[in-house]
Amino acid sequence: GDQALSLTPQTTLHHLTMGRPPGESIWDGDAASVRVAVRSRPLSAREKMEESSNCVQLLDHTQIKLGSKYFTFDQAYDGASRQEDIYTDTVQELVVGCFNGYNATVLAYGQTGSGKTFTMGSASVGIVLEEDQGIIPRAIRQIFDEVADRRSKNPSTTYKILVSFLEIYNEEIKDLLDAHHGAILNGSSGAAPNGSKPKPISLR
């Protein structure tokens, strides 16, 4: 299924201008609350064996060509793009904004095999090289680094971080952090069958 990272305090974030230079955040520029970035993955080993060719051409940092059609996004990445660059360009500012009271959601949308799990980084971190880690582990690291930095400046501040990790597949929602290994949540209540809820992480 599609994957999302949601960071909650309150409202939505910032900015972007078209045709910005590489390395500049997509949140720089005129105000708007939604940004869309596209990433074209490299050919898989199987596709290379079958001598397939890449049908997506990156024209610049905002535009791709697919066949005879052109598509424009807030940011565009080709198969050679690095995980770190994608995170820095598209997500890093959202995490900072979260500490300033803004809500943020990062949604990865695409068909099976398009690279959502790789980009979001929801596979096992233990088997992934640090440079290949995706958005979720990088966001978690940034959150705790930001907390540590703020606490060093104001030790009396207390932070509470709530974490949930859900899978939506075939119209069923599973809590992947549940002790019963992915218990199916009850429809509207959002509670697992055993009544468990996400445990808070308190930093004092």
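**View A. E171 in the loop between β11 and β12 (172-175).** E171 counts as exposed because its relative accessibility is 80%; exposed means over 50% relative accessible area, buried under 20% and partly exposed in between, with a 1.4 Å probe and protein chains only. This is a predicted model, in which local features need pLDDT of at least 70, side-chain atom pairs count only at pLDDT 80 or more, and totals for chains, interfaces and linings use all residues. Residues are numbered from 1 along each chain as its sequence is written, and side-chain values use heavy atoms, with hydrogens and water left out. Although E171 is not a glycine, its phi is positive, at about 65 degrees. Most residues other than glycine have a negative phi. Helices (H or I, at least four residues) and strands (E, at least two) are DSSP runs, numbered from the N terminus.

**View B. E51 in the loop between α1 (45-49) and β5 (56-58).** E51, which is not a glycine, has a positive phi of about 55 degrees. With a relative accessibility of 71%, E51 counts as exposed.

**View C. A nonpolar surface patch made by V163, F165, L176 and L177.** The area of the patch is about 310 Å². Patches are made of residues with over 30% relative accessible area and no salt bridge; like charges are joined within 9 Å, and nonpolar side chains (Val, Leu, Ile, Met, Phe, Trp, Tyr) within 5 Å. Accessible areas come from the Shrake-Rupley method with a 1.4 Å probe, and for residues only the protein chains shown count as cover. V163 belongs to the loop between β10 (159-162) and β11 (166-169). The relative accessibility of V163 is 34%, so V163 counts as partly exposed.

**View D. Helix α3 (residues 92-99) and its buried residues.** L94, V95, G97 and C98 are buried in this helix. Seen down the axis of α3, the buried residues fall within an arc of 160 degrees, so they line one face of the helix; the arc is that of the directions from the helix axis to the C-beta atoms. Just after α3, G101 has a positive phi of about 100 degrees.

**View E. Cysteines C55 and C98.** C98 counts as buried, at 16% relative accessibility, whereas C55 counts as exposed, at 52%. A search of the whole structure finds zero disulfides, a disulfide being a pair of cysteine sulfur atoms within 2.5 Å.

**View F. The salt bridge between R150 and E146 in helix α5 (residues 135-153).** A salt bridge is a side-chain nitrogen of Lys or Arg within 4 Å of a carboxyl oxygen of Asp or Glu, and the count by this rule is six. The closest N and O atoms of R150 and E146 are 2.8 Å apart. Both residues lie in α5, four residues apart, about one turn of the helix. An α-helix has 3.6 residues a turn, so residues three or four places apart point the same way. R150 has a relative accessible area of 26% and is therefore partly exposed.

**View G. The salt bridge between D85 and R82.** The closest N and O atoms of this pair are 3.0 Å apart. D85 is partly exposed, with a relative accessible area of 30%, and R82 counts as partly exposed at 47% relative accessibility.

**View H. The salt bridge between R41 and E47.** The closest N and O atoms are 2.9 Å apart. R41 counts as partly exposed, at 32% relative accessibility.
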